[in-house]
Amino acid sequence: MRHKNETKDMIINKSTAPSLGVPGNILKINAGDMSNSGFEFSVDATVVNNENFRWDTGANISFSKNEVSNLPDGADIFPEYSSNASINGNIIIRDGEAINALYGYEYWGVNPANGAPVYYKADGSLVQVDYTTGSYYVFDESNPGDMSQASSLSSNEDRKVLGQTTPKYFGGWHNTMSYKNFDLSFLFRFSGGNKIFNYTRRELLSQTFNNNLSEITGRWQDPSNPGDGVTPKLWANGDGVVNNNVLSSRFVEKGDFISLDNITLGYNFDRDLMQSVNIEALRVYIAAQNVFMITSYKGVDPEMITSYGVDAFGTPKSRIFSLGVNLKL
Amino acid sequence: MKKIYRNIIAVVFAVAAIGCSDENLLDKNPYNSVPETAAFDSPENIALSVNGMYEAAAIGSYAGSGGRGYLWGAAYIEQNDCRGEDVVNTASFYRITYQTDYDATTANNMYYWHDGYNLINKANIVIEGVTQAMADGIISETEGKDIIGQARFLRGITHFELNVQMARPYNHTPDASHLGIILRDYAINDDASLEQGELDGARATVDQVYKHVLDDLKYAEDNASNGSVVYASSNAATAFKTRVYQHMGKWDEIINLVGDIEGKYTLTPSPSGVFDDNHGNSESIFSINQTAQANAGVNGALGSQYGRRLLVAISPIIWNNAGWLADDKRRAYGSDTDLVREVDGSLYTNKYRDHSTYSDLTSIIRHAEVKLNIAEAYAREDNLTEALSRLNEVRDRALADPTTQSYQLSDFPSKKELLEAIILERRIEFLMEGKRWGDIHRLQGDEFVPVSGIPAKVANGVPAPNLYDAASGTMPPLGESAVPYADYRFIWPIPMSETSVNPNAEQNPGY
């Protein structure tokens with residue numbers, strides 16, 4: 001099934017510059033259009049059906065494309081001013097992009113000569129930061145130790161859209177089987193195409209003598225021990241220079257996953273036997289929820305998003321095992 | 001083979017596009033909300049609007065929840081203290097400021113900016129609303145100008161204070177042409193003014209900021225009335241001008257103001273007089289009002305942070321300073337009216353005494369500061385006699401035996417030593433009143449009493465009791481290293497919440 005949903009003149013919370021003094025630094029505006037279009041497919045089938053064994057299955061998948069257009073003057077909007085550093089300024093509404101896209105610097109990696117993080121400027125050139133001053137210098141791959149040419153990394157000019165926060169596809173596959181007195185059902189679910197700002201990961205690589213993720217062992221230590229090429233040199237209290245408080249693609253990850261959401265195995269006691277003790281039906285079962293997930297996402301769970309495609313210390317889903325009895329008198 | 005049944009059901013259908021009309025559906029003046037003009041349509045409503053402006057100065061709004069005393073209610077004192085070396089941060093509340101660990105997203109400096117400009121806009125709305133109310137005859141010219149004077153005072157001192165945090169000092173360039181802060185001098189309350197405000201979002205030069213501040217203070221001086229200590233007054237504007245001129249190094253201008261302000265107030269006989277009686281003392285010139293009703297819930301209030309929770313201690317650096325006499329009354333602790341408080345051997349201020357409902361007023365400027373501003377101006381202009389008399393007025397009331405301990409002119413070989421005594425006196429007299437950062441900021445590279453960058457500090461955490469050794473001259477171990485003037489961290493960044501949506505706002509280099 002094809003769907004297309006057009007929204008005109010959305011009501012958007014536009015961030016206003018705090019120096020304007022607007023209460024809450026938010027203005028509700030009617031601005032821009034948004035279209036959601038795509039296809040949905042679903043299939044249901046009975047694979048096997050005989051005396052002892054029955055297998056019903058079904059699957060669905062949706063493809064979705066989200067696009068914003070006709071913003072006033074084509075100007076970008078930063079939605080929903082938030083005190084939360086994970087959101088503020090990192091989310092953008094821009095013509096031609098999906099709504100609430102991630103916005104920041106593109107990360108190149110670590111300078112193998114000195115351990116400094118290297119970023120792309122808008123013109124494609126590379127710049128590295130000097131930890132002691134916070135200033136940026138041109139990075140030359142053929143001469144990485146050179147810190148002589150001053151440059152800059154500007155949040156106004158050098159940021160770009162780093163990915164959309166809404167999934168491009170998602171769906172599920174469910175199954176129900178019964179064999180003699182046993183029954184089994186399970187559901188797989190998948191989603192992908194979206195990017196996540198793993199703010200939790202950034203904060204757990206803090207430079208303030210707090211506990212860090214094991215990822216920090218891959219840091220640059222010296223030119224002969226340059227680490228994983230992603231994690232820069234340590235610098236006490238230097239979160240601004242090491243991890244950058246502006247979002248960078250270093251902390252943007254794919255949100256793709258497949259998960260086994262639930263599985264249940266049951267056993268129905270023989271009806272005749274049960275009725276002999278005045279019980280109409282008796283079933284015992286074991287069930288599990290959130291059994292496992294296959295994902296390359298480095299955080300706990302790519303669905304643990306707190307808001308706007310940002311994972312900021314959300315609460316993980318719990319894995320639940322249950323054992324039950326259905327008794328009908 | 002068993003029989004296999006297969007049923008495949010696939011449904012494909014399309015849904016037509018759904019659209020709304022092209023009209024803007026958002027009604028910006030809904031009938032169930034009060035239009036802004038109503039705020040100024042009667043003298044009673046104007047009084048409420050003015051109170052709203054003072055409330056914004058006292059409490060502010062923090063992270064979308066309740067206020068924390070940004071900018072003037074408490075944060076002004078706490079942040080300015082914690083940027084300096086005369087206090088020690090004991091917990092995490094002010095750690096980022098204390099350890100110069102701030103960046104463009106850290107909350108302390110961010111809310112200074114947010115709540116500062118929120119107050120400025122409220123002041124601008126009052127100015128425009130009252131101007132219209134005067135034209136409409138709702139209030140008299142005199143009353144209207146009094147209120148506008150108060151609003152301009154708050155706007156002026158807030159622009160000034162933001163500039164002290166976010167910009168290099170006045171004398172950083174010979175003509176103060178370096179980056180200041182953004183000046184906002186019209187109300188932003190509708191689409192047109194918002195658009196204009198976005199266009200006017202560039203930072204002014206420091207020179208422009210100071211001119212603007214002085215212009216506001218001049219208007220307040222000429223038009224505000226004198227009365228309660230918790231409302232901005234003509235005298236408060238004159239007093240504040242001495243602070244502004246001090247930051248500019250315009251000593252002759254301060255001396256010109258002596259006749260206008262010095263006789264208007266008197267120092268309390270006791271050094272704790274201002275804190276014994278916040279409202280009724282003879283010394284306070286302008287304080288931010290705090291009441292049990294309005295301030296009790298403010299997380300950040302002085303009575304909470306400096307009083308009940310002991311989040312900031314007096315630093316052994318100033319306590320051990322040999323220039324602060326061991327028997328000075330300002331060192332006393334043990335009684336409820338003493339200025340210091342001892343808890344488990346470490347020392348804290350006792351200037352803020354209501355630890356349950358936080359009703360201590362926030363002293364913004366008091367006469368002792370005016371006296372020492374005048375003293376410094378005279379000393380700079382080589383009039384050491386006049387300078388010494390003001391210095392002694394402030395200091396003598398705290399001495400155990402003024403007849404033998406009072407400073408004599410012969411104690412000072414040159415004006416440099418006298419200036420050093422004045423600066424030390426400021427550190428002692430205004431300890432934990434938020435004055436230290438202003439001095440550090442303006443005295444960089446000073447000819448006589450230079451401060452070099454942000455001085456090294458005692459390590460973050462509750463200072464051990466054995467570090468305190470009054471007037472011993474012992475420098476305690478310093479756990480927080482100094483930050484040179486050239487370092488980008490000397491000044492605060494412009495918050496990223498501003499630079500990300502205001503392309504005209506240039507960030508301070510390094511952030």
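Reader: Which strands of chain B pair over 4 bridges, and in what sense?
Author: In this predicted model, strand 4 (residues 340-343) and strand 5 (residues 346-349) of chain B are joined by 4 bridges and pair in the antiparallel sense.

Reader: What is the bridge partner of Val340(B) in strand 5 of chain B?
Author: Val340(B) is bridged to Thr349(B).

Reader: And how many residues lie between strand 4 and strand 5 of chain B?
Author: There are 2 residues between them, and the two strands form a hairpin. In the turn, Asp344(B) has a positive phi of about 55°.

Reader: Turning to chain A, what is the strand order in the open sheet?
Author: The sheet of chain A holds 8 strands in the order 1-4-5-14-15-18-19-20, with antiparallel pairing.

Reader: Which strands stand at the edges?
Author: Strand 1 (2-7) and strand 20 (320-328) of chain A do. Each has a single partner strand, so one side of each lacks a neighbour in the sheet. From one strand to the next, the twist averages 15°.

Reader: How many bridges join strand 14 to strand 15 of chain A?
Author: Strand 14 (residues 169-179) and strand 15 (residues 182-192) of chain A run antiparallel and are joined by 11 bridges. One of the pairs links Tyr169(A) with Gly192(A) in strand 15.

Reader: Now the helices: at what angle do helix 5 and helix 7 of chain B cross?
Author: The axes of helix 5 (residues 141-166) and helix 7 (residues 206-223) of chain B cross at roughly 155° and come within 8 Å.

Reader: Are those two roughly parallel or antiparallel?
Author: Angles over 145 degrees count as roughly antiparallel, and helix 5 and helix 7 of chain B are therefore roughly antiparallel to each other. Their crossing is left-handed.

Reader: Which residues meet there?
Author: Helix 5 of chain B contributes residues including Phe153(B), Gly156(B) and Phe160(B), while those of helix 7 of chain B include Val209(B), Val213(B) and Leu217(B). The contact residues divide into 9 nonpolar, 7 polar and 5 charged.

Reader: What about helix 15 and helix 17 of chain B, how do their axes cross?
Author: The axes of helix 15 (residues 384-396) and helix 17 (residues 415-429) of chain B come within 11 Å and cross at roughly 25°. The two helices are therefore roughly parallel to each other, and the crossing is left-handed.

Reader: Which residues make that contact?
Author: Among them are Leu384(B), Leu388(B) and Leu391(B) of helix 15 of chain B, and Leu418(B), Ile422(B) and Glu425(B) of helix 17 of chain B. The residues of this contact divide into 8 nonpolar, no polar and 4 charged.

Technical notes. Residues numbered from 1 in each chain as written. Chains lettered and ligands numbered in written order. Predicted model: local features only at pLDDT ≥ 70, side-chain atom pairs only at ≥ 80, totals over all residues. Axes fitted to C-alpha atoms, helices over the stretch in contact; angles between N-to-C directions. Parallel < 35°, antiparallel > 145°, perpendicular 65-115°, else oblique. Left-handed = near helix turned anticlockwise from the far one by under 90°. Contact = placed C-beta atoms within 7 Å. Nonpolar A, V, L, I, M, F, W, Y, C, P; charged D, E, K, R; others polar. Pairing = 2+ DSSP bridges.
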